[in-house]
Amino acid sequence: MKTRQQKDEQIAQLHKDFAAAPNALIVGFQGIKVADDERLRRELRQANLSYRVVKNTLATRAAEGTPMAQIKSSFATATAVALSKDDPVTMAKVLSKWAKASSVFSFRAAIVEGQVIDVKDIEALSNLPSKEELISKVMFLVNSGAQRLAVATAGVARNLTIVLDQVRAQKEAQGPQEPPSGAEVGA
């Protein structure tokens with residue numbers, strides 16, 4: 001049995017974690033097999049996400065003064081909390097995959113960027129492109145604009161060169177130019 005000091009330390013650590021992560025999913029996992037739980041934890045670690053099973057009374061107390069206070073009523077029965085500091089989409093993708101594959105794994109509540117979202121919106125969140133994909137798309141769009149400008153600029157210079165070359169060839173084909181009549185040479 002934990003001492004009062006150990007519980008207070010655990011509450012302080014949970015409070016710190018809850019306050020630092022604006023994105024959270026509270027999940028129920030009652031009946032999950034140990035091997036499945038270990039695989040889930042490994043996947044979440046690889047995705048740079050935090051996941052922990054919490055004691056409901058301690059989590060409820062730790063949630064005070066954090067965005068998690070909005071959903072503290074969701075701490076009931078066997079509860080785990082997944083936290084993400086900057087990427088709610090990846091967290092939703094990983095956990096949605098597990099929720100689809102396991103009948104014992106369920107969503108209870110969610111917070112994205114400090115705001116409570118409906119549990120049914122977690123699926124929609126998981127279908128969004130990840131932060132890296134969005135950055136990649138933005139960089140492509142920025143680069144394509146610059147690339148188009150470079151091609152257009154090069155095209156103008158290329159076309160000018162072609163026109164000047166055609167004018168030169170036309171002049172050469174006409175032969176040497178004689179001064180217009182009535183003009184005096186050397187005057």
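## Burial of Ser-102

A residue is called buried when its relative accessible area is under 20%, and exposed when that area is over 50%. The structure is a predicted model. Ser-102 has a relative accessible area of 16% and is therefore buried, because this value is under 20%.

Ser-102 belongs to the loop that runs between helix H4 (88–101) and strand E4 (106–112). A polar atom of the Ser-102 side chain lies 3.3 Å from the backbone nitrogen of Val-104.

Strands of a sheet pair through backbone hydrogen bonds, in either a parallel or an antiparallel arrangement. Here, five strands make up an open sheet with the order E2-E3-E1-E4-E5, and the pairing is antiparallel. E2 and strand E5 (115–117) are the edge strands, each pairing on one side only. On average, neighbouring strands of this sheet are turned by 20 degrees against each other, direction ignored.

Strand E1 (residues 23–28) pairs with E3 over six bridges in the antiparallel sense, and Val-27 stands opposite Ala-80 in E3. E1 also pairs with E4, in the antiparallel sense and over five bridges; Leu-25 stands opposite Ala-110 in E4. Strand E2 (residues 50–54) and E3 are joined by five bridges, again in the antiparallel sense, with Val-81 in E3 as the bridge partner of Arg-52.

## Strand E3

Strand E3 (residues 79–84) is mostly covered, and six of its six residues are buried. Thr-79, Val-81 and Leu-83 point one way from the strand, while Ala-80, Ala-82 and Ser-84 point the other way. Residues on both sides of E3 are thus buried.

## Nonpolar cores

The largest nonpolar core has 22 residues, of which Leu-25, Leu-40, Leu-44, Tyr-51, Leu-95 and Phe-105 touch the most other members. At least two residues of this core come from each of E1, helix H2 (34–46), E3, H4, E4 and helix H5 (121–126). H4 supplies the largest share, six residues.

Not counting residues up to four places away in sequence, Leu-40 touches Tyr-51, Leu-95, Trp-98 and Phe-105. Another core, of 18 residues, lies apart from the largest one. Its members include Ile-26, Ala-59, Leu-83 and Ile-111.

Note on methods. Residues numbered from 1 in each chain as written. Predicted model: local features only at pLDDT ≥ 70, side-chain atom pairs only at ≥ 80, totals over all residues. Heavy atoms only, no water. Helix = DSSP H or I, 4+ residues; strand = E, 2+ residues; numbered from the N terminus. Buried < 20%, exposed > 50% of the residue type's maximum accessible area, 1.4 Å probe, protein only. Polar contact = N/O pair within 3.5 Å; in protein donor to acceptor, adjacent residues only side chain to side chain. Pairing = 2+ DSSP bridges. Core = buried A, V, L, I, M, F, W, Y, C linked by side-chain atoms within 4.5 Å. Contact = heavy atoms within 4.5 Å. Axes fitted to C-alpha atoms, helices over the stretch in contact; angles between N-to-C directions.
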